[in-house]
Amino acid sequence: MRRAIRGSVLSFRGDPFQLPLDEAVLHLQDAVVLIEDGRIVSVEPAERALAELPPGTPVDHYPEGLISAGFIDAHVHYPQMQMIGAYGDELLAWLERYTFVAEQDFADEAHARDVAGRFLRELLRAGTTTAAVYCTVHPGSVEAFFAESERFNTRMIAGKVLMDRNAPEALRDTAETGYEQSRALIERWHGRGRQLYCVTPRFAPSSTQAQLEAAARLWREHPGTYVQTHLCENRGEIEWVHELFPERSSYLDVYDHAGLTGPRAIFGHAVHMDETDFACCHRTGSALAHCPTSNLFLGSGLFRLFEARRADRPVHVALGTDLGAGTAFSQLQTMNEAYKVAKLGGTTLTPAQAFWLATRGAAEALHLADRVGAVEPGLEADLIVLDPKATPLLAFRTAYCRDLPELLSVLLTLGDDRAIRATYVAGEAVYDREREEPFRYP
Ligand code: GUN
Ligand code: ZN
């Protein structure tokens, strides 16, 4: 199947934390992205591309649109969609009062399936085509999620939450059952179509040493799988980890000692990190998911992005929404909050850096840069079309933009899911805001 998409193109050739803007960014005013069998074949100026286009190739033309790689969300909880905006508490009380209540509903696979479908549609509406997703402790919640993702053919990373202590009885597994259930899910789903499995111990306080070690064993035994957990999110949580693991030198050392650091390890939050922690992430190739809307909503603290990205020992960082502690599906809104968090830390996140953290930078952090994250020949055609005139205010404001950085800044400041005109998954327009039925698989 062949198709072409025409519009402006925004992509990244390199890391805007390390390179000047013009070396890092690819920006073509009027270009054609040619797609064959779900992959990008060429990205060329429209005049040349149209002359060479095989006859009969359908062209989706977005004269005002900005074509980008689909956004990547490096940390999100689909079962928490039903408790977004549950207010008042900090992390540990919030988990007890809201999260552990909501997650018990996912014992019912029909409920899980319903929420997973809604969740995926919200992601696609927001322009997110890949996410690292926490399910619940119930294997059925993973089954439901991957089954829905498979319908959309989205490249998703997800796994069953592991918890064998400090959680309600109904949400606990054991080191052995957690291992066995996860192994069965890996065998069934990892590498099936575009689905990827993520071993998911929730966080150190809710797993015994035995469970953390079982998780590490599982991860090691299945190369190519991921591991995700929470790290250094909240002061009270960190103190609790010190009490639970007195023999370990830090929160991160608990994971490192258990064998849970390395390439394809994703640590959510990492708000309260010292130099030893950042150095460990750099040395092991572990990635951090920066979740600004969540850190602000729960009052957890301010992630030190520029400390993490320090040029002499850069740590992989990607943006995460962390719904339901996070407050938006949109990575544009997440970039907006990341900008403000950086500002409060005395630093400036440039618009190019913000977009990179949700596209190519995230793909590099997740070891997926050879598949997704850029508008580049050979990659899978997970693409979005941004609409700089999506709302009356955006149309008014963007008319005054003098250059690309200003346009991107305005998009991330004023934009949300309304700024996503269309979302393509493996070359197929699964979402189009202007269609009567916007979703291809309602
Ligand atoms: N730490 C452990 N579990 C969670 C969770 O569900 N959300 C957040 N934000 N932090 C956590
Ligand atoms: Zn989380």
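Reader: Which residues does L368 touch, not counting residues up to four places away in sequence?

Author: This is a predicted model, in which local features need pLDDT of at least 70 and side-chain atom pairs count only at pLDDT 80 or more, while totals for chains, interfaces and linings use all residues. Residues are numbered from 1 along each chain as its sequence is written, and chains are lettered from A and ligands numbered from 1 in the order in which they are written. L368 sits in the loop between α15 (360-365) and β14 (383-386), where helices (H or I, at least four residues) and strands (E, at least two) are DSSP runs numbered from the N terminus. With contact set at C-beta atoms, placed from the backbone, within 7 Å, L368 touches A363 and G373.

Reader: Is L368 buried or exposed?

Author: A residue is buried if 20 or more other C-beta atoms, placed from the backbone, lie within 10 Å of its own, exposed if 12 or fewer, and partly exposed in between. L368 has 20 other C-beta atoms within 10 Å, so L368 is buried.

Reader: How are the buried residues of helix α10 arranged around its axis?

Author: In α10 (residues 275-284), D277, F278 and C281 are buried. Seen down the axis, they fall within an arc of 95° (taken over the directions from the helix axis to the C-beta atoms), so they line one face of the helix.

Reader: Which exposed residues does the face of α10 turned away from its buried side carry?

Author: The buried residues of α10 pack against α9 (251-258), β12 (287-290) and α12 (305-308). The face turned away from them carries the exposed residues E275 and T276.

Reader: What is the phi of A270?

Author: A270 lies in the loop between β11 (265-269) and α10. A270 is buried because 26 other C-beta atoms lie within 10 Å. Its phi is positive, in a residue other than glycine, and is near 50°.

Reader: What is the phi of N153?

Author: N153 is in the loop between α5 (139-152) and β7 (157-159). N153 counts as buried because it has 21 C-beta neighbours inside 10 Å. N153 is a residue other than glycine with a positive phi, near 65°.

Reader: Which residue does a cis peptide bond join to L323?

Author: The residue in question lies in the loop between β13 (316-319) and α13 (331-344). Omega of the cis bond is about 0°, and the partner of L323 is G324.

Reader: Which helix gives the most to the shell around ligand 1?

Author: The residues around ligand 1 (C-beta atom, placed from the backbone, within 6 Å) are H77, L91, L95, T99, R202, F203, H230, E233, S294, D322 and A325. Three residues of this shell come from one helix, residues 91-102, and that helix is α3.

Reader: Which element gives the most to the side of domain 1 that touches domain 2?

Author: An automatic or database domain assignment divides the chain into domain 1 (2-69 + 374-432) and domain 2 (71-329). In all, 13 residues of domain 1 are in contact with 15 residues of domain 2. On the side of domain 1, the elements that give two or more residues are β15 (420-425) and β16 (428-432). With three residues, the element that gives the most is β15.

Reader: What separates the centres of domain 1 and domain 2?

Author: The centres are taken over C-alpha atoms. The separation between domain 1 and domain 2 is 30 Å.

Key:
Contact = placed C-beta atoms within 7 Å.
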